[in-house]
Amino acid sequence: MKVFKKIVDLQNELFTVRKNRETIGLVPTMGALHEGHASLIERSVKENNATVVSIFLNPTQFNDKSDLDRYPRTLDADCKLVKACGADYVFAPTVEEIYPTPDNRNFEFPPQTTVMEGSKRPGHFNGVCQIVSRLFYIVHPDKAYFGEKDWQQIAVIKRLVDFICLKKEIQIVECPTIRETDGLAKSSRNILLSREERLIAPNIFKILKESIKYSKTHDINETHNKVVTDINRIEGLEVEYFEIVDGNTLLDVKSWEDSSYIVGCITVYCGKTPIRLIDHIKYRG
C-alpha cells in the first residue's frame, strides 16, 4: 500500500492503472476509521483492480468549529486498517493541498440539501459537495463507495454527480450500515462517548426498530411522536429532529400511502458534551 499526500503524485500513479484499463474504486473518508469503513474498503477491493481511500478531515463541511476540533485524528491507525483491508492507496492531503485557494463554489440541490441535516447544519452539504467533487476530479474513480448510515448524504451526492455531469462515469455504490452487536451504528464519533453514554446510545436504534411494528397499526404522526417521546424519556438522550420522509425526494409524507419508499431519519444528542449521533430506519420499500 502506498500513501500519497500530493495530488500530482497520486494522479501519476493512477495514470498507469488507467493505461492498463483497470478499474478504480474510491472510498472517501474523514479518518478515525472503523469496521463500517472497512466494509466499504473491502467491497471496493473486491469489485475493482485498484482502490483509493481518501483520509481528509474536510473543514468546509463543519459549521461548528468545536465539532471540527473534537473530531478524532488517527492517521497511523487508519493506514493500518486500510492496508489490512487490501486497498492499494491512501490519499491523505493537507487542507492547503485540497484548497490552495478558498473554494467559493456553491452547491444547492433542494430539497435534498435543505431539509434535515441541511436545515440544522447550514453549509454542511455545500462543504460535502466541495470535497467530494474535488476527490472525483482528482481520482476519476469508476465507483465510489458510501455507507447508508449517512443516508441523506448519499441522496445529495447522487444529485452532485448528475450536476457535474459525471453520472455516466462514476457509479455511486451504497453499502449497508454496519452496527455494533447492540445495534449502535458504527461511527467515528462513537469513540468520543463516555462509558455511560455508550451504554445508553444503542437505545436510539432499539426504539427505531420497535417503531416499525408500531407503524403497522398507527399513522405517521403517531409513529413520529412515539419515537421522539420514547427516546427523550431516556436520561442522557435528546432528539434534535426525527423526520419521516419519502426515500427519494426526502420530503415529508403525511400518510403511509403517500409513497412506496418511506424512511425515518433521526439525529440525537447523547450525553453532557453532547455527542451528535445520526441513524435511520426504513418503514416502507
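**Entry 1: Leu250.** I looked up Leu250 and placed it in the loop between β7 and β8, where helices (H or I, at least four residues) and strands (E, at least two) are DSSP runs numbered from the N terminus. Its phi is positive, about 70 degrees, although Leu250 is not a glycine. With a relative accessible area of 1%, Leu250 is buried; I use buried for under 20% relative accessible area, exposed for over 50%, and partly exposed for what lies in between, with a 1.4 Å probe and protein chains only.

**Entry 2: what I am reading.** I note that this is a predicted model, in which local features need pLDDT of at least 70 and side-chain atom pairs count only at pLDDT 80 or more, while totals for chains, interfaces and linings use all residues. Residues are numbered from 1 along each chain as its sequence is written, and side-chain values use heavy atoms, with hydrogens and water left out.

**Entry 3: Ala32.** I found another positive phi in a residue other than glycine at Ala32, where the angle is near 50 degrees. Ala32 sits in the loop between β2 (24-29) and α2 (35-47), and its relative accessible area of 7% makes it buried.

**Entry 4: cis peptide bonds.** I recorded a cis peptide bond between Pro110 and Pro111, with omega about 0 degrees. Pro111 belongs to the loop between α5 (95-98) and α6 (117-120). I recorded a cis bond between Thr273 and Pro274 as well, with omega about -10 degrees, and Pro274 lies in the loop between β8 and β9.

**Entry 5: aromatic rings.** I paired the rings of Phe, Tyr and Trp (its six-membered ring) if their centres lie within 6.5 Å, calling planes under 30 degrees apart stacked, over 60 edge-to-face and the rest tilted. By this rule I count eight aromatic pairs. In one of them, Trp256 and Tyr283, the ring centres are 5.3 Å apart and the planes stand at 50 degrees, so I class the pair as tilted. The pair links distant parts of the chain, since Trp256 is in the loop between β7 (237-246) and β8 (262-270) and Tyr283 is in strand β9 (residues 275-284), 27 residues apart. Trp256 and Tyr283 are both buried. I also noted one aromatic cluster formed by Phe107, Phe109 and Phe163.

**Entry 6: Thr223.** Which residues does Thr223 touch, not counting residues up to four places away in sequence? I list Ser211, Tyr214, Ser215, His218, Phe242, Ile244, Trp256 and Tyr283, where contact means heavy atoms within 4.5 Å. Thr223 lies in helix α11 (residues 220-232), and at 0% relative accessibility it counts as buried.

**Entry 7: the loop between β6 and α9.** Leaving aside neighbours within four places in sequence, Thr177 is in contact with Glu148, Lys149, Ala185 and His280, and its C-alpha atom is separated by 9.3 Å from that of Trp151, 26 residues away along the chain. Asp182 is also placed in the loop between β6 (171-175) and α9 (195-200).

**Entry 8: the whole chain.** I count eleven helices and nine strands in the secondary structure of the chain. The C-alpha trace spans about 60 × 40 × 35 Å along its principal axes. With 285 residues, a compact globule would have a radius of gyration near 19 Å, and the chain agrees at 19 Å; the radius is taken over C-alpha atoms, and the globule rule is 2.2 Å times the number of residues to the power 0.38. Buried residues make up 52% of the 285 residues. Among contacts with a separation of 6 or more, residues 24 or more positions apart account for 72%.
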